[in-house]
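Please keep the sequence and the model at hand while reading.

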Amino acid sequence: MSMNLSAKLDELQRGDRHLETTVALCEIRTQLQELTKSVESCQSEVSEVKRDMVAIKHELDTVQQVKEEIEELREYVDRLEEHTHRRKLRLLEQGLTFFLTYSIFSAVLGMLQFGYNTGVINAPEKNIENFMKDVYKDRYGEDISEEFIQQLYSVAVSIFAIGGMLGGFSGGWMANRFGRKGGLLLNNVLGISGACLMGFTKVSHSYEMLFLGRFIIGVNCGLNTSLVPMYISEIAPLNLRGGLGTVNQLAVTVGLLLSQVLGIEQILGTNEGWPILLGLAICPAILQLILLPVCPESPRYLLITKQWEEEARKALRRLRASGSVDEDIEEMRAEERAQQSESHISTMELICSPTLRPPLIIGIVMQLSQQFSGINAVFYYSTSLFMSSGLTEESAKFATIGIGAIMVVMTLVSIPLMDRTGRRTLHLYGLGGMFIFSIFITISFLIKEFFGYVQEMIDWMSYLSVVATLGFVVFFAVGPGSIPWMITAELFSQGPRPSAMAIAVLVNWMANFVVGIGFPSMKTALENYTFLPFSVFLAIFWIFTYKKVPETKNKTFEEILALFRHNNGSEDGDNGNDNNTGNSTSTADIEISQYDSNATRPKVQ
């Protein structure tokens, strides 16, 4: 019995051990399965790490390749900057040649036309008014009122500016359609027509013909003020662009002086001579028709607008009197690359462009600073202005001639200063001097008013008024006379330049019209304080020029574009005067934008 129990117990113990073993085996199997899964997971992670390491190695190779590209690009930039600097130095060494002088003389006859017709209406004022009175009386059998005759004369003065607005705004279209030279040649048809109409006014016994002639000659002069500065800025070498741009204003002042000298009573300022005086405007037009066909078209227009490189090279060889014009061609190509995104810009696109809006605003304000400075009040009404300050009519006419002579002399003085001192600096000096002398003009009027009963004081103040007016004109000739025409053409590259010039010239002529038509009424309303509004404008324009206008002296067109593209025009305006060689880095930045790291590098020698 006990043995059976022992056997059964042994059997139970063996069963328990077997059960434990089974359980243990199950546990081991489970752990082995988990371990297998872990191993598989590790293998997956190892594979991922391997893939990551391959990707990292690939990226390191890419980084190394990029570093090599950057080094190559740096070397290219260094070579480009050195090459650009050498090219610019060679451009700055170019001089004045006979054919360049001939071309500029032929072109600025258009600005002489503008100056002549601006001043020619001044001296024979009384003669023209007498003619209008006679015509009116013959037509209607009654005398015309003084107020109405003043209005008619104001129309004869100001309709010239209305024609100028139309011509100035058409200048951009004409420059692109017919070229700079072609536009100037066609424009002389208007000059001859307008001069003939004015010359035959008295024969036809019609003052309406005078108005029509003044309007047509105004269109002619408006086109000239757009086309001539554009042509000269595009044919002038870099280092002479400022001085040659001043020749525009020199021609204007010579035309003014010529009209004033011929308008004195001893020559053509008579009842019989004034139609001849007005009709002489035909001479600059005929002379330009004879001289200009020999001149070349603007090389920039030929190369950039028309893509005629060989024709551009021929024009440059004639203008530079040299067979080597590669530097000029290269500089034009750089300008073309700089403005590729802006080529064929319309007027609305120009106004809406964020990059081009700042230089457009500067160009417009510079034109306003010329007209709202009060200088046209002096040009149009100087004789009556001097007579109201106490001078006799004859003395007033000779004082007006003095204004023209001073303008010519000071414009000649400013020609070498333009590329030596800089546009911005001279403009600041000019506006500041005009502001001071406009105050002196007002003071002279006031003293004459308060001490009018003392004859010695009247004589003394008459001379003070003349001296103050001459000082006013001197500072106008130094800066605001020539710089607005020049700097507007300089601020823009080839594509937007015609549209920008059209807008700027339109604004100039509109301001000219406002001053011409409004000054007599303002003189009546303000009396002795007539020049105070001009003083306020001059102060505003001085501040604007100081804060916003950059220096463009010795800068290529693409460098000037880069000033505004990088939004640093005002900073350059503050410190741009001491940079005689310009900012070659700006040119490099523009050309880098054309660089393709996967393409063959441009060869820089």
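What pLDDT does the chain average, and what percentage of the residues score at least 70? The average is 81, and 83% of the residues reach a score of at least 70; pLDDT is the predictor's confidence in each residue, from 0 to 100. Below 50 lies the pLDDT over residues 568–605, a stretch that has 77 contacts in the model beyond near neighbours in sequence.

This is a predicted model, in which local features need pLDDT of at least 70, side-chain atom pairs count only at pLDDT 80 or more, and totals for chains, interfaces and linings use all residues. Residues are numbered from 1 along each chain as its sequence is written, and side-chain values use heavy atoms, with hydrogens and water left out.

**Overall build**

- The chain contains 25 helices and zero strands; helices (H or I, at least four residues) and strands (E, at least two) are DSSP runs, numbered from the N terminus.
- Of the 605 residues, 52% count as buried. Buried means under 20% relative accessible area, exposed means over 50%, and partly exposed lies in between (1.4 Å probe, protein chains only).
- Accessible areas come from the Shrake-Rupley method with a 1.4 Å probe, and for residues only the protein chains shown count as cover.
- Among contacts between residues at least 6 apart in sequence, 82% join residues at least 24 apart; a contact means heavy atoms within 4.5 Å.

- Leu-25, Ile-28, Leu-32, Leu-35 and Val-39 form a nonpolar surface patch with about 440 Å² of accessible area together. Patches are made of residues with over 30% relative accessible area and no salt bridge, with like charges joined within 9 Å and nonpolar side chains (Val, Leu, Ile, Met, Phe, Trp, Tyr) within 5 Å.
- One of these residues, Leu-32, is found in helix α1, which covers residues 2–92.

- Leu-190 lies in helix α5 (residues 180–199) and counts as partly exposed, because its relative accessible area is 29%.
- Not counting residues up to four places away in sequence, Leu-190 touches Ile-216, Val-219, Asn-220 and Leu-223. The C-alpha atoms of Leu-190 and Leu-223 are separated by 9.9 Å, and the two residues are 33 apart along the chain.
- Ser-438 belongs to helix α18 (residues 423–450) and is buried, with a relative accessible area of 0%.

**Salt bridges**

- The whole structure holds 13 salt bridges; a salt bridge is a side-chain nitrogen of Lys or Arg within 4 Å of a carboxyl oxygen of Asp or Glu.
- Arg-139 pairs with Glu-208, their closest N and O atoms being 2.7 Å apart. This pair links distant parts of the chain, with Arg-139 in helix α3 (residues 125–140) and Glu-208 in helix α7 (residues 207–235), 69 residues apart.
- Both partners are partly exposed: Arg-139 has a relative accessible area of 35%, and Glu-208 has 36%.
- Arg-180 forms a salt bridge with Glu-234, with 2.9 Å between the closest N and O atoms. Here too distant parts of the chain are linked, Arg-180 being in helix α5 and Glu-234 in helix α7, 54 residues apart.
- Arg-180 counts as buried at 0% relative accessibility, and Glu-234 is buried at 0% as well.
- Arg-317 forms a salt bridge with Glu-310, the closest N and O atoms lying 3.7 Å apart. Salt bridges that share partners join Glu-309, Arg-313, Asp-326 and Arg-333 into one network.

**Cysteines**

- The structure has zero disulfides, a disulfide being a pair of cysteine sulfur atoms within 2.5 Å.
- Cys-221 is buried, with a relative accessible area of 0%, whereas Cys-352 is partly exposed at 47%.

**Positive phi in loops**

- Gln-307, a residue other than glycine, has a positive phi near 60°. Gln-307 sits in the loop between α11 (299–305) and α12 (309–320) and is partly exposed at 45% relative accessibility.
- Ala-321 is not a glycine either, yet its phi is positive at about 55°. Ala-321 is placed in the loop between α12 and α13 (326–338) and is exposed, with a relative accessible area of 60%.
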